[in-house]
Amino acid sequence: MRRHLSVKGGRLLLALAVLLIGLPLILTSQPPHATQVVHAKENPQRFIQQVAPHAQLLSKAYGIKASLLIGQAALSSNYGGTLLASKYHNLYGMTTSRNPHAVLLLQSVYQNNRWTSRPNYYTVYASWQDSMDAYMDALKSGQWGDSLYTNLVTHKSNDEAAQFLAASSYTTDPDYTNKLTNIISRYRLTQYDN
């Protein structure tokens, strides 16, 4: 009987120790980062070939240059290699409220002259094309300001369009304009413009 109690007591002590050590770890753990690269960087040319046809269709329908749409998708998703893009098919970092079709991940935000991370809910899409469609709908609806869509449709150059995006609430990255225009130039994305 004594041995049975000591085994039972030992199990109880072990369970209590696991709970005391594990519970704080569970409570302080953070979700993964949305921009975490989950596999080696996708081949940029292959990524561009995958999204370009749909970007061209959207360009015809909405009037925004395909080169801009492809460049933004490449920049935001690290050519499809981020957790957000590869697992949740979200190419543009589209956030949402908490709902059954959302995932909680950490978001990088540039604030007070430094980068910080904060939790945010991101929309989960069935495909990259669905993500691109939703991005265009959000632009047209004025999610990042009433004039952004009009400015992107009427811009004279991708440099100017990138400046409009950087000045809007779409991004907090202070170097967004340079990063986006470099991608468009490096991969000659203007060849996809109609």
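Which backbone nitrogen does the side chain of Ser168 reach at 3.0 Å? That of Tyr170, and we'll come back to this serine below.

## What you're looking at

This is a predicted model, where local features need pLDDT of at least 70, side-chain atom pairs count only at pLDDT 80 or more, and totals for chains, interfaces and linings use all residues. Residues are numbered from 1 along each chain as its sequence is written, and side-chain values use heavy atoms, with hydrogens and water left out.

## The overall layout

The protein chain has eight helices and two strands. Both kinds of element are DSSP runs numbered from the N terminus: helices are H or I with at least four residues, and strands are E with at least two. Walk along from the N terminus and the order is α-α-α-α-β-β-α-α-α-α.

The chain has 194 residues, and 40% of them count as buried. Buried means under 20% relative accessible area, exposed means over 50%, and partly exposed is in between (1.4 Å probe, protein chains only). As for contacts (heavy atoms within 4.5 Å), take those between residues at least 6 apart in sequence: 63% of them join residues at least 24 apart.

## Rings that pair up

There are nine aromatic pairs in the structure. To pair, rings of Phe, Tyr and Trp (its six-membered ring) need centres within 6.5 Å; planes under 30 degrees apart are stacked, over 60 edge-to-face, and the rest tilted. One of the pairs is Phe47 with Tyr79, edge-to-face at 6.2 Å centre to centre and with 90° between the planes. Phe47 belongs to helix H2 (residues 44-62), while Tyr79 sits in the loop between helix H3 (66-77) and helix H4 (83-88), so this pair ties together parts 32 residues apart in sequence. Phe47 is buried at 0% relative accessibility, and Tyr79 is buried at 5%.

Another pair is Tyr170 and Tyr176, with ring centres 6.0 Å apart and planes at 70°, so this one is edge-to-face. Tyr170 and Tyr176 are both buried. They also belong to an aromatic cluster with Tyr92, Tyr135 and Trp144.

## Two helices side by side

Now find helix H7 (residues 158-167) and helix H8 (residues 176-186), which pack at an angle of about 145° with their axes 9 Å apart. The axes are lines fitted to C-alpha atoms, for helices over the stretch in contact, and the angles run from 0 to 180 degrees between N-to-C directions. On the H7 side you'll find Asn158, Asp159, Ala162, Gln163, Leu165 and Ala166, meeting Tyr176, Thr177, Leu180, Thr181 and Ile184 of H8.

Sort the residues of this contact by class and you get six nonpolar, four polar and one charged. Here Ala, Val, Leu, Ile, Met, Phe, Trp, Tyr, Cys and Pro count as nonpolar, Asp, Glu, Lys and Arg as charged, and the others, Gly among them, as polar.

## Back to Ser168

Ser168 is in the loop between H7 and H8, and it counts as buried at 15% relative accessibility. A polar atom of its side chain lies 2.7 Å from the backbone oxygen of Leu165, and its side chain also reaches the backbone nitrogen of Tyr170 at 3.0 Å.

Leaving aside neighbours within four places in sequence, Ser168 is in contact with Trp144 and Leu148.

Ser59 lies in helix H2 and is buried at 12% relative accessibility. Its side chain reaches the backbone oxygen of Ile64 at 2.8 Å. Beyond neighbours within four places in sequence, Ser59 has contacts with Ile64, Lys65, Ala66, Leu69 and Asn194.

Thr123 is in strand S2 (residues 114-123), and at 15% relative accessibility it is buried as well. With neighbours within four places in sequence set aside, its contacts are Tyr88, Asn90, Met94, Thr95, Thr96 and His101.

## Positive phi without glycine

Asn112 is not a glycine, yet it has a positive phi of about 55°. You'll find Asn112 in the loop between strand S1 (102-111) and S2, exposed with a relative accessible area of 70%.

Arg188 has a positive phi too, near 45°, and is likewise a residue other than glycine. Look for Arg188 in the segment after H8, where it counts as exposed at 60% relative accessibility.

Terms used. A polar contact is a pair of N or O atoms within 3.5 Å; within protein, one must be able to donate a hydrogen and the other to accept it, and residues adjacent in sequence count only if both atoms are side-chain atoms.
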